[in-house]
Amino acid sequence: MVVEETFPWWLVLLQGIVTLLFGLVLLAWPAQTLVVLVTFLGIYWMITGIVALVGIFFGGDHGIWTIVLALLGIIAGVLVLAYPLYSTAIISSFLAILIGVLGMIMGAAGIAQGVSGGGWAPALLGIISIILGVILLANPLFTVASLVLLLGILAILGGVSAMVFSFRLRAAG
């Protein structure tokens, strides 16, 4: 016997509404929203570090790396919470730079694949990836601001899509 389980339509609707609101907030206050997200990241790092450190005393891993990573998580969390604006700029820029460098590496790999018989498509994608990587590296803060706005637009579209899907679920059920 196969039992088909579906989400309740109202739960999908609720998810769509929350996602839509999140997208609107991202578009209305991109910088402030980014600071809040980084602050949540700091809280997460701090809690994760504390839990790992406490876990050592309750039969967890006793290795030196566990202690080092736990302390680094606590320190990073405290620093993010103490300096949220600086942390937002630093973490966002670091991520943009990291993505830019990875894009350039993947682009070089795509070009190498295309040159070694993989065809023109991987080489073309490799060139595009390198160009985007250079753009990311040229101005990481602008890139972060653009990505926040893009994320807001995608959240709005995803929220509306989930809401439409929820009404289709309701009509089908």
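Helix 2 has 27 residues and spans 39 Å from its first C-alpha to its last, close to the 39 Å expected at 1.5 Å a residue. The expected span is 1.5 Å times one less than the number of residues. Helices here are DSSP runs of H or I with at least four residues, numbered from the N terminus. The model is predicted: local features need pLDDT of at least 70, side-chain atom pairs count only at pLDDT 80 or more, and totals for chains, interfaces and linings use all residues. Residues are numbered from 1 along each chain as its sequence is written, and side-chain values use heavy atoms, with hydrogens and water left out.

Stay with helix 2. Its buried residues are T33, L34, V35, V38, G42, G49 and I56. Buried means under 20% relative accessible area, exposed means over 50%, and partly exposed lies in between, with a 1.4 Å probe and protein chains only. The buried residues of helix 2 pack against helix 1, helix 3, helix 4 and helix 6. Contact means heavy atoms within 4.5 Å.

Take the helix 1 side next. Two packed helices are described by the angle between their axes and the distance between the axes. Helix 1 covers residues 9-28 and helix 2 covers residues 30-56; their axes come within 5 Å and cross at roughly 115°. F22, V25, L26, L27 and A28 of helix 1 make the contact with P30, T33 and L37 of helix 2. By class, that contact has seven nonpolar residues, one polar and no charged. The axes are lines fitted to C-alpha atoms, for helices over the stretch in contact, and angles run from 0 to 180 degrees between N-to-C directions. For the classes, Ala, Val, Leu, Ile, Met, Phe, Trp, Tyr, Cys and Pro count as nonpolar, Asp, Glu, Lys and Arg as charged, and the others, Gly among them, as polar.

Now move to helix 3 and helix 4. Helix 3 runs over residues 64-82, and its axis comes within 5 Å of the axis of helix 4, crossing at roughly 115°. L79, V80, L81 and A82 in helix 3 meet P84, S87 and I91 in helix 4. This contact has six nonpolar residues, one polar and no charged.

V80 deserves a look. V80 sits in helix 3 and is buried, at a relative accessible area of 5%. Leaving out residues up to four places away in sequence, V80 touches V38, T39, G42, W45, S87 and I91. V80 and I91 are eleven residues apart in sequence and 9.4 Å apart in space, C-alpha to C-alpha.

Helix 4 also holds S92. S92 is buried, with a relative accessible area of 6%. Residues up to four places away aside, S92 touches L34, S87 and V144. I105 lies in helix 4 too, but I105 counts as exposed because its relative accessibility is 52%. I105 and G126 are 21 residues apart in sequence, and their C-alpha atoms are 8.9 Å apart in space.

Helix 6 is next. Helix 6 (residues 140-172) has 33 residues and reaches 46 Å from its first C-alpha to its last, close to the 48 Å expected at 1.5 Å a residue. Its buried residues are P140, T143, V144, V148, G152, A155, I156, G159, A162 and S166. What covers them includes helix 1, helix 2, helix 4 (84-118) and helix 5 (120-138).

Which residues form the largest nonpolar core? They are five: L26, L34, A96, V144 and V148. Such a core is a set of buried Ala, Val, Leu, Ile, Met, Phe, Trp, Tyr and Cys residues joined through side-chain atoms within 4.5 Å. Of these, A96 touches L136, P140, T143 and V144, not counting residues up to four places away in sequence.

The structure holds two aromatic pairs. The ring centres of W9 and F167 are 6.4 Å apart and the planes stand at 35°, so this pair is tilted. W9 lies in helix 1 and F167 in helix 6, so the pair ties together parts that are 158 residues apart in sequence. W9 is partly exposed at 28% relative accessibility, and F167 is partly exposed at 44%. The rings of Y83 and Y86 have centres 6.4 Å apart and planes at 50°, so that pair is tilted. Y83 is partly exposed at 47%, while Y86 counts as exposed at 61%. Rings of Phe, Tyr and Trp (its six-membered ring) pair if their centres lie within 6.5 Å; planes under 30 degrees apart count as stacked, over 60 as edge-to-face and the rest as tilted.

How values were computed
Helix = DSSP H or I, 4+ residues; strand = E, 2+ residues; numbered from the N terminus.
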